[in-house]
Amino acid sequence: MSSFTDPIDRQGTDSIKWGKYAGRDILPLWVADMDFAAPPAVLAALQARVAHGVFGYGQSSPAANAAVRDHLQRHYDWAIEPDWIVWLPGLVTGFNLACRLGQGEVLTAGPVYPPFFSAPRHAGRTLRRVDLVCDAEHRWHWDFSALNAALTVGEPTPATAAGERLLMLCHPHNPVGRCWSRPELERLAELAETHDLLVCSDEIHCGLVLEEGQRHIPFASLSPAMARRTITLMAPSKTFNIPGLGCAFAVIPDPALRRRFLRVMDGIIPHVNVLGMVACEAAYRDSDDWHRELIATLRRHRDRIQATVDRLPGIKMSPLEATYLAWLDVRALNLPNPHAHFEAHGLGLSDGADFGAPGWLRLNFGCTEATLDLALQRLEIAWRAATA
């Protein structure tokens, strides 16, 4: 059985993704959850741990820490120390914690996935959006002049210096699919240094770079100065399709910043469960071959979607460098409710309005070829209905 070609029936299981449309002929391609089985090494490690039979209170093991460190060194040339790692039960937990470190303004760039908008609100902080810009080729870029202007206008005075500002960075970016380049990251680093920003970098999609010749660059790896002001959030969950096991981690090189983060965690954040930790270790240590096959599969799927969209006037797809999430501009179809229209034609996509971009849709292509075949058929049927 192949992890990438043989379908696994997820209907009637505990799947949020498939349960949303239970009993309806709507293909669920919305939430960022792939339909592929986890890597064989992960399944074997979990089965061995279950066979042990005791599931008492767990803790991170030296082997799990070593697997993370080795993975970051091999894939990103980023050498980290064991005590920089703070284990978390989920990545969204991490940036909600980061938002609770101070009272100053939180800045982020939309469109972006919804928890970036809700986390500052949960922490009682003001959110300032400085949105990305989309060029004529539908490629997204930072608006650095607007970001600098927003930072300058909102510069804290000495009397409000306790209101430390936070930049929430999505890298690679969900949903626009950009893998930020070194020059782009260096410009962000320059602004972070100039305006004394704390940076929380969500890098959960870092293992899903699809563009040939590109490589993820951890923001904190740019320089020791950036490492001191950055909380990097990572997890094996998206890359290895194990989000339900609830295992993530923050990498925080600066000891004082790490202590602040740990204090905010105190009393409210549980330990990572033992199965999540086992899966994380096996994913990072023993699943490189599976990962290479995954990337090849996702590249083929991306290219098929692009070829289909290119035949459908009124739909544009942003060039996708990373993630398994196609970002589709359907504004030219002039639909009053694009999400509902495509849903009515059997496609359950994510509504761009939830990401701050009405008129856009996000399509999850982390699925088998057979599922993608059906999805592309329905995409064309929905387009024909919209243009009839």
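Let us start with a pair of strands: strand E14 (350-351) and strand E15 (residues 360-364) run antiparallel and are joined by two bridges. Strands pair here if DSSP finds at least two bridges between them. Helices (H or I, at least four residues) and strands (E, at least two) are DSSP runs, numbered from the N terminus. Everything here comes from a predicted model, in which local features need pLDDT of at least 70 and side-chain atom pairs count only at pLDDT 80 or more, while totals for chains, interfaces and linings use all residues. Residues are numbered from 1 along each chain as its sequence is written, and side-chain values use heavy atoms, with hydrogens and water left out.

Back to our pair: Asp 351 stands opposite Leu 361 in E15. Both strands belong to an open sheet of four strands with antiparallel pairing, in the order E11-E12-E15-E14. At its edges lie E11 and E14, each pairing on one side only.

Next, look at strand E12 (residues 325-329), where five of five residues are buried; buried means under 20% relative accessible area, against over 50% for exposed and in between for partly exposed (1.4 Å probe, protein chains only). In a regular strand the side chains alternate between the two faces of the sheet. Here both faces of E12 are covered, with Leu 325, Trp 327 and Asp 329 on one side and Ala 326 and Leu 328 on the other. E12 pairs with E15 in the antiparallel sense over five bridges, and Trp 327 stands opposite Arg 362 in E15. Strand E11 (residues 316-317) also runs antiparallel to E12, joined to it by two bridges; there, Met 317 has Leu 328 as its bridge partner.

Now for the other sheet. This open sheet has seven strands in the order E2-E10-E9-E8-E7-E3-E4, with mixed pairing. Its edge strands, E2 (85-88) and E4 (127-129), each pair on one side only. On average, neighbouring strands are turned by 20° against each other, direction ignored. Within this sheet, strand E8 (residues 198-202) and strand E9 (residues 230-234) pair in the parallel sense over four bridges, and Asp 202 has Leu 233 in E9 as its bridge partner. Helix H4 (residues 91-99) packs on the sheet, touching E2, E3, E7, E8, E9 and E10, and its direction makes about 160° with that of E9. Contact means heavy atoms within 4.5 Å. Axes are lines fitted to C-alpha atoms, for helices over the stretch in contact, and angles run from 0 to 180 degrees between N-to-C directions.

H4 also packs against helix H5 (residues 115-122), at an angle of about 40° and with the axes 8 Å apart. H4 is therefore oblique to H5: angles under 35 degrees count as roughly parallel, over 145 as roughly antiparallel, 65 to 115 as roughly perpendicular and the rest as oblique. The crossing is right-handed, a word used if the near helix is turned clockwise from the far one by less than a right angle, left-handed if anticlockwise. Among the residues making this contact are Phe 95 of H4 and Phe 116 of H5. The contact residues divide into seven nonpolar, two polar and no charged; Ala, Val, Leu, Ile, Met, Phe, Trp, Tyr, Cys and Pro count as nonpolar, Asp, Glu, Lys and Arg as charged, and the others, Gly among them, as polar.

Finally, helix H2 (residues 40-52) packs with helix H10 (residues 274-286) at about 145°, their axes 8 Å apart. Here too the crossing is right-handed. The contact residues, including Arg 49 of H2 and Asp 286 of H10, divide into 11 nonpolar, no polar and two charged.
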